[in-house]
Structure formats: C-alpha cells, structure tokens
Amino acid sequence: MQNSIEFDGHIFALNAGDSSYLMGLAKSGEGKKYLGHIGFVKRVSRPSGADALRTSEYSFISEGKPGDKCTFMDGFPFEYPAGGVGDFRENALEIENEAGCTAAELVYVSHRVYDGKEKLAGLPATFGDSDKVKTLEITLTDEVLSLDVILMYSIFEERNVVVRSAKLFNRGEHALYIRKALSACLEFDGRDKELITLPGSWARERYIDRQQLGFGRHIVGSKRGISSHQDHPFIAVLDRSTTQESGELVAMNFVYSGCFMACAEVTQHNMCRMLMGLGTDTFKWKLESGAEFTTPEVVVVRSSNGLDEMTHDLHELYRDHLIRSPYLHKKRPILINNWEATYFNFNEEKLLDIAWEAKKNGIEMLVMDDGWFGVRDSDNCSLGDWKVDRRKLPDGVDGLCRKVNEIGLEMGIWFEPEMISPDSDLYRAHPDWALQIPGREPQLCRTQFVLDITRKEVRDYVYESVATVLRSSNIRYVKWDMNRPLTDLGSSGLPADRQGEITHRYMLAVYELQERLLGEFPELLLENCTSGGGRFDPGMLFYSPQFWCSDDTDAMERLYIQEGTMLLYPLSTMGAHVSDCPNHIVGRTTDFEVRGMVALAGTFGYELDITRISDDDRAMISDQVAMYHKYNDLVREGDYYRIASARENGSYDCWEVVSKDKTEVLVTFIRQRAYAATRPPKIRLKALSPERTYTLDDGRSFYGDTLMNLGMVTDKLWGDNKGKLYHFTSNM
Ligand code: GLA
C-alpha cells in the first residue's frame with residue numbers, strides 16, 4: 001500500500017504500512033484550533049468523521065458543562081498536551097516563564113509536508129532517502145509565551161511506524177525555561193489493556209515484563225544519566241488478548257541514551273494516554289530569546305499481528321533507517337576478549353599466547369580489555385590516564401598490535417573515555433573536571449567519578465586520548481565502555497540557571513564524541529558497552545552497529561536477556577560471547593556447545609582464556625567458527641521469530657531466523673529443564689513458504705505448511721541446559 005500524508009482541512013492522516021496515524025483539529029468555544037489525537041490504528045481508507053475527536057462527550061468537572069473551557073481542557077485528547085491550563089493528565093510540555101509561572105496552551109498555526117527527513121542537530125535519529133521517507137511538520141504556538149512548537153512526524157516505506165520529535169522555538173524577547181519537553185503522546189481507549197516493559201538490573205537487562213494496566217499512571221524512566229539497566233526506554237500497551245502472533249498493540253522506543261520517562265496513564269474516562277521523552281527529574285533547560293530546542297526522537301510502532309509484527313517493523317526500521325555503520329551488513333570479525341580470561345592481570349606475553357591459540361582455532365581478532373593503561377591493576381585507579389602501561393606492554397599498544405597482526409589477527413581495544421579515577425594524574429591536575437556539586441563530596445562508584453564532558457576542554461581531552469591511540473596503531477575495533485551512573489549534577493562550566501541541563505548536555509557530548517571518532521576513523525568497528533547493556537538503546541545504535549548485551553555471559557541467563565533484546569533490536573546488534581565455566585557471574589556450568597549456540601544469536605566471539613580451557617572444549621571452537629561463517633549471513637540479515645520462551649514455559653526456549661527469500665531457516669532450540677514422563681516439545685515454525693519443501697542438514701524433509709501448522713517434534717535431549725540447531729534449506 002502507498003504511503004501518504006493527507007490533510008482534508010480537518011483531519012491529518014499519515015498512512016504507513018498497514019497503519020494510519022490520525023490527528024484532527026478541533027475548534028474551542030473561543031475559536032482556537034487545538035490539535036487532537038484520533039488514533040494510531042489499522043489502515044483506514046477515508047479518515048473523516050465529525051466525531052473523530054469526540055468533542056461532544058467530555059464529562060463535567062465540578063460545575064462545568066460541555067463547552068466550558070475547563071471541561072474541554074480536561075478531556076480533549078491533545079496531540080501534544082501542555083501543563084498549567086487545565087489538562088490534569090500527564091502532559092508533554094511544561095514551560096516556565098521569567099515570572100516563574102508554568103503554563104502553555106498550544107494552538108494550531110500551519111503545517112508542511114515534504115519528502116525525506118531533516119537531521120536532528122546533534123542527536124541520533126532515523127534517516128532515509130526522499131523516495132522512502134515522508135515528513136509532516138505541524139506548527140503550534142503559544143501566543144502568551146511567544147513559543148512555537150513544531151511537531152515532526154516521519155513515515156517509512158511499509159513500516160507500521162511513525163517517528164516523532166518536537167522542536168521548540170522561543171520567538172519572544174525573554175528567556176523561557178523548559179521543565180519538560182517529551183517527544184510523543186498518544187491517546188486511546190484504555191480498557192482491558194496490558195503493559196510490556198523491559199526492566200532489569202546490572203547483568204539482568206531487559207527482562208520482558210507483562211502486567212495488567214490498571215487505573216492511574218504507570219511510569220518507567222531513568223534518572224541515572226544513562227538509559228540504564230534498570231528501565232529500558234520502551235513501553236508497549238497491548239490488548240489483553242494480544243499474543244506473540246496476533247492482536248493489537250502500540251509501543252514506543254526512544255532514540256536516546258540518557259534520562260528518559262515513559263508513561264501509560266489510564267484516566268478518569270478510561271482512556272489511556274501514553275507518552276515518552278526526556279526524563280524530567282533531572283531536566284530544566286533555559287531557552288533564550290531566539291533559541292531552539294529539539295527533543296530526541298520516539299519511534300511509535302503499532303501492530304495488528306502481535307509482538308512478532310512489532311519486532312519485525314523495529315528490526316527493519318533500525319537496519320534500514322538508523323544504524324549507519326559500514327559493518328551493518330558485514331560479517332563481524334570473530335573476536336576473543338581477554339576480560340574474563342585475565343581481568344587486569346595480563347601482559348604482552350599472555351595476550352600473544354591467547355592470540356596464537358585463537359589464530360589456530362579460526363578466531364579473527366584480539367580485543368584487549370580494561371587494564372592496559374596508567375597503573376591499572378585493579379578498578380581503583382588510572383581512568384583518564386590513557387597512556388600505555390609499559391610494565392605490561394613494553395612495546396606499547398602499537399608494538400602489541402603489530403605482533404598480533406603478525407600472528408594474523410586484527411586488534412581491538414577497550415576505553416572508558418567518560419570517566420576519571422580520583423587516583424589518576426588527570427584528576428590530580430584537574431580535580432574540577434569531575435562532575436560535582438560545590439561543597440559536596442562527589443559519590444564514588446566503582447572508585448571513579450564522571451568526567452564533565454559538557455565542558456569543551458574536557459571533551460577535547462577525551463577525544464584526543466582515544467584518537468591518539470587509534471592514530472598510532474592499527475586498531476580496527478573499539479569497545480567504548482561506561483561503568484557508572486551520573487550523580488552530583490554540578491558543572492563548573494555552566495551558570496546557575498543552566499545546571500538543570502547537565503544530563504542532556506552530557507548525552508549530547510557523548511554523541512558528539514562518537515560522531516567525531518567515526519568521522520576521523522570511518523572504518524572503525526565501534527562496540528558500545530555500559531557495564532554490559534546499560535545504554536543498549538536505539539540512540540547508541542546510530543553510532544555503533546553492536547552493543548555488549550550484558551556482563552552476564554551465562555548462556556542460560558542470556559536466553560532471557562537476549563529474548564528481551566531481540567524483541568526490539570536486530571540480532572546483528574547483540575554482542576554475545578562464549579565465556580568460561582563455571583560462569584563468573586552465576587557459577588553455572590553449561591556445555592561448551594550450548595554456550596556457542598546461544599552466542600551465535602548475536603555478534604559471536606569468545607571471552608575466556610583459550611590457553612587454559614579443556615582440550616575438548618578447545619576442539620569445539622573450530623566447529624563453532626565454521627557454524628558462525630555458515631549461519632551469520634542468515635542471522636544478521638534474516639527475519640527473527642520467537643517460537644517459545646523458557647521464561648514463560650519454564651522448560652524450553654526456541655527462536656527462528658528465516659531468510660528474506662524464505663529459502664533458509666535456522667532454528668535454535670534450548671531445553672533448559674528435563675522432565676520425566678514428558679514428550680519432547682513440538683515446535684511450529686513461522687513465515688515459511690507453505691508449498692516449499694524444507695530439508696534439514698541431516699536429510700529429513702518437510703513441507704513448509706507442515707512445519708508451520710503441524711510442527712516438528714524436537715529431539716529428545718538428555719539432561720538440563722541442552723540445545724540443538726535445526727538448519728533447513730529449500731530449493732523449490
Ligand atoms: C564493564 C564491561 C566489561 C568489562 C569491564 C572492564 O563491566 O561491561 O565487559 O569491559 O567493564 O572493566
């Protein structure tokens with residue numbers, strides 16, 4: 001179906017994929033035109049109808065009656081609701097004027113439609129050519145504040161997606177203070193709904209949580225300066241009956257990596273207002289006369305075919321319109337990272353031993369993790385001193401890199417550029433470079449402070465520290481880590497009335513640094529990391545095609561973490577390694593073979609001392625390497641489907657990747673728990689060609705419709721935590 005953006009003088013319709021995003025203009029008693037939200041629904045061909053905004057139905061409040069301004073404000077489904085003038089639901093905008101009053105009332109002024117999409121200055125954002133993307137901009141204004149708000153909407157090819165952000169422009173003479181500026185808001189019937197969020201903790205990121213959506217406000221958000229391990233910038237509201245494959249849902253995902261808030265509020269009229277945008281607790285932004293502020297982008301997605309369709313739309317959107325890396329469609333080098341192998345206790349000889357053994361087994365890159373600089377023998381010191389530790393690497397990073405290259409491996413390196421240890425030359429020289437509030441002892445976390453990269457001189461130092469190492473050696477990959485939340489929000493570089501800008505300025509600084517790095521080193525493979533997956537979000541994927549998914553490398557725990565991650569993000573973005581056992585985080589021992597199957601779902605690599613693992617395990621590496629080469633094109637480029645969730649059934653996990661032309665399928669089946677007197681589960685595959693024959697590598701053949709409708713009986717596996725890969729090909 002053709003995408004289009006239409007306006008009939010009353011209703012706006014953005015038709016994308018199988019969906020219509022509808023807004024309308026309603027005239028208040030005073031003759032002002034307010035912009036209201038009608039719905040984000042399955043495609044409607046002729047969006048019209050006088051009652052679309054239901055303006056005649058609003059209930060009374062106190063002595064009010066329909067038509068009263070107050071009643072109107074209390075019930076109208078504002079497309080971009082503002083606080084302070086009678087809309088008591090969660091709002092998207094709070095503006096304080098110089099007199100200290102907080103109120104805004106936005107009325108429609110004009111709109112424009114164009115092909116393509118403009119960049120959001122300094123922010124990560126979706127993009128696309130003018131033949132694939134269309135944009136609508138609606139200008140609203142508040143005459144009292146002299147504030148214009150430009151709402152921006154873009155649609156993409158056949159995706160059931162609208163991306164939204166807002167631009168605020170102060171055309172008045174006085175400064176304004178933005179206390180809140182969210183990016184997206186929807187309103188719809190809130191009865192019988194459920195909520196999906198992805199909460200977690202360090203080493204337990206993005207567990208899928210589904211709960212009933214009752215009356216009131218349900219808020220998820222991060223105040224940590226990172227999108228966080230604890231709350232993920234994602235929220236979905238579903239019909240109670242919605243399943244993996246069927247039913248309606250609408251969801252939001254934030255293209256941003258710092259503080260955020262998302263809310264689903266079921267209101268007095270059983271409506272649900274759903275919002276997402278910048279976190280408000282740590283935010284207050286001074287908007288000078290003539291200045292502009294752009295909010296980061298929210299991806300709003302809907303589905304009539306359950307979670308599968310949402311996942312598909314997000315994966316395709318992110319692959320086609322968000323991730324820019326030249327590695328996006330390339331097989332990433334199989335790397336071995338020395339973190340769990342040695343922690344801080346390594347030297348050149350040890351790393352070269354690992355490299356030799358890795359090379360023999362087909363591994364392609366050595367990544368030197370934390371501990372190569374300053375005097376960093378533990379996590380107590382040296383962050384900020386990005387000079388090589390010659391005790392460990394006598395010939396420097398450059399020397400090591402040359403030797404690793406001679407062995408036949410590429411070389412990668414770890415940095416944590418945003419941090420400073422109190423025990424560092426940098427801190428001794430510049431104690432004011434750490435974020436801190438005058439008169440307060442700043443909080444230590446992992447014995448480190450956060451650098452105030454909102455200051456240009458600090459940012460330049462950080463950049464040069466990383467770039468100098470990259471300029472002087474043949475480093476092909478950087479793991480950019482960040483290991484603590486932001487506290488002590490004070491910057492000596494900002495005046496008192498701008499201290500509320502720190503968390504957002506911090507994120508803009510991270511984005512600027514990574515943009516600069518990729519500008520100077522366009523071929524660099526950048527993997528972001530935040531104590532594992534604490535900033536694994538669409539914002540960071542704009543800069544790096546992969547993100548270290550979690551510090552929890554236990555294959556069984558990873559099933560849950562990866563399930564939540566794959567719900568939103570392409571498999572090619574998910575940093576996943578085979579690590580040592582007993583696992584360093586939970587102490588569990590899982591077969592080497594099964595650890596490999598779970599890691600194959602992501603970028604794939606190793607995180608263990610290859611010189612010390614058992615011969616049997618080591619002997620399996622070349623098979624796993626071969627499997628990676630055999631399957632990665634499919635895993636990276638194919639369509640992912642969830643077949644079963646061990647989290648839900650307590651027994652087995654299963655996912656499928658099918659190629660776009662439906663000729664190749666890889667099914668990963670992991671049986672977590674064996675039960676007596678039960679039959680092996682039958683799995684039903686998805687999205688195959690019904691009439692094709694699919695042949696397993698062992699020669700067994702099935703019709704597509706048989707695999708989808710009747711299913712396939714899985715092998716009888718002996719013991720807990722076992723797995724099996726089923727690889728099918730089809731020639732006709
Ligand atoms: C974080 C990362 C780990 C490792 C350590 C090094 O925890 O997530 O993978 O790099 O830092 O200190």
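In what order do the nine strands of the open sheet with parallel pairing lie? The order is β29-β28-β27-β26-β23-β22-β21-β31-β30. The structure described here is a predicted model. Its chain contains 14 helices and 39 strands. The radius of gyration is 27 Å, close to the 27 Å that the globule rule gives for 732 residues, so the chain is as compact as a globular protein of that length.

**Overall dimensions**

- Taken along the principal axes, the box filled by the C-alpha atoms of the chain is roughly 80 × 70 × 45 Å.

- Val478 stands opposite Leu526 in β27.
- Helix α7 lies across β23 (410–415) and β26. The angle at which α7 runs to β23 is about 165°.

**The packing of α7 against α8**

- Two packed helices are described by the angle between their axes and the distance between the axes.
- For helix α7 (residues 456–472) and helix α8 (residues 502–520), the axes come within 11 Å and cross at roughly 30°. Angles under 35 degrees count as roughly parallel, and α7 is therefore roughly parallel to α8.
- The crossing of α7 and α8 is right-handed.
- On the α7 side, the contact is made by Arg459, Asp460, Val462, Tyr463, Glu464, Val466, Ala467, Leu470 and Arg471.
- On the α8 side, the contributing residues are Ala509, Glu512, Leu513, Arg516, Leu517 and Glu520.
- Sorted by class, the contact of α7 with α8 comprises eight nonpolar residues, seven charged residues and no polar residues.

**The four-stranded antiparallel sheet**

- Four strands form an open sheet with antiparallel pairing, in the order β1-β2-β3-β4.
- The edge strands of this sheet are β1 (4–7) and β4 (33–42), and each pairs on one side only.
- From one strand to the next, the twist averages 15°.
- Strand β3 (residues 19–27) and β4 run antiparallel and are joined by nine bridges.
- Met23 stands opposite His37 in β4.

Notes. Residues numbered from 1 in each chain as written. Predicted model: local features only at pLDDT ≥ 70, side-chain atom pairs only at ≥ 80, totals over all residues. Heavy atoms only, no water. Axes fitted to C-alpha atoms, helices over the stretch in contact; angles between N-to-C directions. Helix = DSSP H or I, 4+ residues; strand = E, 2+ residues; numbered from the N terminus. Parallel < 35°, antiparallel > 145°, perpendicular 65-115°, else oblique. Left-handed = near helix turned anticlockwise from the far one by under 90°. Contact = heavy atoms within 4.5 Å. Nonpolar A, V, L, I, M, F, W, Y, C, P; charged D, E, K, R; others polar. Pairing = 2+ DSSP bridges. Rg over C-alpha atoms; globule rule 2.2 N^0.38 Å.
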